[in-house]
Amino acid sequence: REAILDQFRETARAPSTSMDSKPMRTKSLEGTFEDVKSRVQQERADQAQWSKARVVALELVGSMPFSVSMSILVFLNMACVIVEVNYSAQDMDMPRWLIMANFGVLVTYLLDTCTNLFALRMQFFSDP
């Protein structure tokens, strides 16, 4: 019994190879970094062959002001949907401004999607 307890204590004190994952983790991170670095270099090489319009479209949809304006548009669309539901619940006709606002939001979303498709092409479907 004492021998088993001593053996257990020795095992508990000894560094476990499964617990000591730092070298493996570092190697994994280095591999990941190299993968990302090579992918970025490949994308830059591909972008060098793009047309000026495609580069401008990518810069537009990737910019912070564009992202912020689209976020604001989503919140405004949410407000329009709330107003629309209130009108529908009261069996009232939709005001013209609400119909136009919904149409404007739809056209903006469509332009956003088309611009992304133009700039990213097949990456649009694979990138998160």
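Predicted model: local features only at pLDDT ≥ 70, side-chain atom pairs only at ≥ 80, totals over all residues.
Local features are described where pLDDT is at least 70 and side-chain atom pairs where pLDDT is 80 or more, while totals for chains, interfaces and linings use all residues. Residues are numbered from 1 along each chain as its sequence is written, and side-chain values use heavy atoms, with hydrogens and water left out.

The protein chain has six helices and zero strands, giving the pattern α-α-α-α-α-α along the sequence. Helices (H or I, at least four residues) and strands (E, at least two) are DSSP runs, numbered from the N terminus. Of the 128 residues, 12% count as buried; buried means under 20% relative accessible area, exposed over 50%, and partly exposed in between, with a 1.4 Å probe and protein chains only. The accessible surface comes to about 10,800 Å², and carbon and sulfur atoms hold 64% of that surface. Areas come from the Shrake-Rupley method with a 1.4 Å probe, and for residues only the protein chains shown count as cover. Among contacts (heavy atoms within 4.5 Å) with a separation of 6 or more, 55% join residues 24 or more positions apart.

Helix H4 covers residues 64-89. Its 26 residues should span 38 Å at 1.5 Å a residue, and this agrees with the 38 Å between its end C-alpha atoms; the expected span is 1.5 Å times one less than the number of residues. Just after H4, Asp 91 has a positive phi of about 55°.

The buried residues of H4 are Phe 66, Met 70, Leu 73, Asn 77 and Cys 80. An α-helix has 3.6 residues a turn, so residues three or four places apart point the same way. The cover over the buried residues of H4 includes helix H3 (52-61) and helix H5 (96-120).

Asn 77 counts as buried because its relative accessibility is 18%. Leaving aside residues up to four places away in sequence, Asn 77 touches Asn 102, Val 105 and Tyr 109. The side chains of Asn 77 and Tyr 109 also form a polar contact of 3.4 Å. Such a contact is a pair of N or O atoms within 3.5 Å; within protein, one must be able to donate a hydrogen and the other to accept it, and residues adjacent in sequence count only if both atoms are side-chain atoms.

H5 has 25 residues and reaches 36 Å from its first C-alpha to its last, close to the 36 Å expected. Its buried residues are Leu 98, Val 105, Asp 112, Asn 116, Ala 119 and Leu 120, and they pack against H3, H4 and helix H6 (123-126).

The rings of Phe 124 and Phe 125 have centres 5.3 Å apart and planes at 85°, so the pair is edge-to-face. Rings of Phe, Tyr and Trp (its six-membered ring) pair if their centres lie within 6.5 Å; planes under 30 degrees apart are stacked, over 60 edge-to-face and the rest tilted. Phe 124 is partly exposed at 30%, whereas Phe 125 is exposed at 59%.

The count of disulfides (cysteine sulfur atoms within 2.5 Å) is zero. Cys 80 is buried at 11% relative accessibility, and Cys 114 is partly exposed at 42%.
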